[in-house]
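Let's explore a protein model together, one question at a time. Take a look at the picture, then read on.

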Amino acid sequence: MSRGRRLSERWRLIDGQTGRSRSIHADRDFHRLGETSLVAHQTPALTFSGPYRRLSCLCVLLLTGVLAGCSSSDQIKQQSQTVASAAQTVSMVLDAWTDGAAPFAYTSGTLRSTGKTLADAEAQIRSAGTAEPAEQSALAAAVKDLSAAVARAEAGLQADSRAEVQNARQDLRQGSRTLATAYAGYFAPKP
């Protein structure tokens, strides 16, 4: 309503009996409303005209840029958390299998599905566009190491070699520490 411009005189109405929506002209139709109730907003005629259009486009572009910049970091954070959780799951399952508390089929299935999860997470981390390629590469390498440890554990399980599974468990613990270090490096405040 700046500089003497007026908002549109058309209102959206919802009929209270039928639920149907219709437009009315404010000057002519207010006296014929009957069972109709006004919707809470009036349609402004100035929404995308003149200088407001340029300002709106600029805001949309700025918002798109901000959201695009945040999305890769959020994706990497989510995938890193998924990987950490998967590594912890594998470690617990291998501990249970070593102690005789988890059956072979369950342990094997868990290792197989976790291996797929880690491969997917590594691909997601590598494909994320980021401003920190070195830190991103370190995260992806840590995930790859964890994936290799899970594959070694699965091979040891198939061969029924407790020593090989034990070595894979240690590699898994080391990989988890490497992942934590890479994660901290990626999300550390930058000067």
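**Pocket, charges and rings**

By class, 6 nonpolar, 5 polar and 1 charged residues make up the lining of the largest pocket (Ala, Val, Leu, Ile, Met, Phe, Trp, Tyr, Cys and Pro count as nonpolar, Asp, Glu, Lys and Arg as charged, and the others, Gly among them, as polar). This is a predicted model, in which local features need pLDDT of at least 70 and side-chain atom pairs count only at pLDDT 80 or more, while totals for chains, interfaces and linings use all residues. Residues are numbered from 1 along each chain as its sequence is written, and side-chain values use heavy atoms, with hydrogens and water left out.

Q: What is the volume of the largest pocket?
A: A pocket is an open set of points on a 1 Å grid over the protein atoms alone, where a 1.4 Å probe fits, with protein on both sides within 12 Å along at least five of seven lines; lining residues have an atom within 4 Å of a point. Grid points are joined across faces, edges and corners, and a volume is the space filled by probe spheres set on the points. For the largest pocket, that gives about 160 Å³.

Q: Which elements give two or more residues to the lining of the largest pocket?
A: The lining residues include Ser80, Gln88, Leu172 and Tyr183. Helices are DSSP runs (H or I, at least four residues), numbered from the N terminus. The elements that give two or more residues to this lining are α2 (51-98) and α5 (162-187).

Q: How far apart in sequence are the parts that Glu154 and Arg112 tie together?
A: Glu154 and Arg112 form a salt bridge, with their closest N and O atoms 3.9 Å apart (a side-chain nitrogen of Lys or Arg within 4 Å of a carboxyl oxygen of Asp or Glu). Glu154 lies in helix α4 (residues 133-158) and Arg112 in helix α3 (residues 104-127), so the parts they tie together are apart in sequence by 42 residues.

Q: Is Glu122 buried or exposed?
A: Glu122 meets Arg126 in a salt bridge (3.2 Å, N to O), and both lie in helix α3, 4 residues apart. Buried means under 20% relative accessible area, exposed over 50%, and partly exposed in between (1.4 Å probe, protein chains only). Arg126 has 46% and is partly exposed. With a relative accessible area of 15%, Glu122 is buried.

Q: Which helices hold Asp171 and Arg152?
A: The closest N and O atoms of the salt bridge between Asp171 and Arg152 are 2.7 Å apart. This pair ties together parts that are 19 residues apart in sequence, because Asp171 and Arg152 lie in helices α5 and α4.

Q: What is the angle between the planes of Tyr186 and Phe187?
A: Rings of Phe, Tyr and Trp (its six-membered ring) pair if their centres lie within 6.5 Å; planes under 30 degrees apart count as stacked, over 60 as edge-to-face and the rest as tilted. A search of the whole structure finds 2 aromatic pairs. Tyr183 and Phe187 form a tilted one, 4.8 Å centre to centre, with 50 degrees between the planes. Tyr186 and Phe187 form an edge-to-face pair, 4.7 Å centre to centre, and the angle between their planes is 70 degrees.

Q: The charged end of which residue sits over the ring of Trp97?
A: A charge sits over a ring if NZ of Lys or CZ of Arg is within 6 Å of the ring centre and within 35 degrees of the ring normal. Here, 4.5 Å from the centre of the Trp97 ring, sits the charged end of Arg162.
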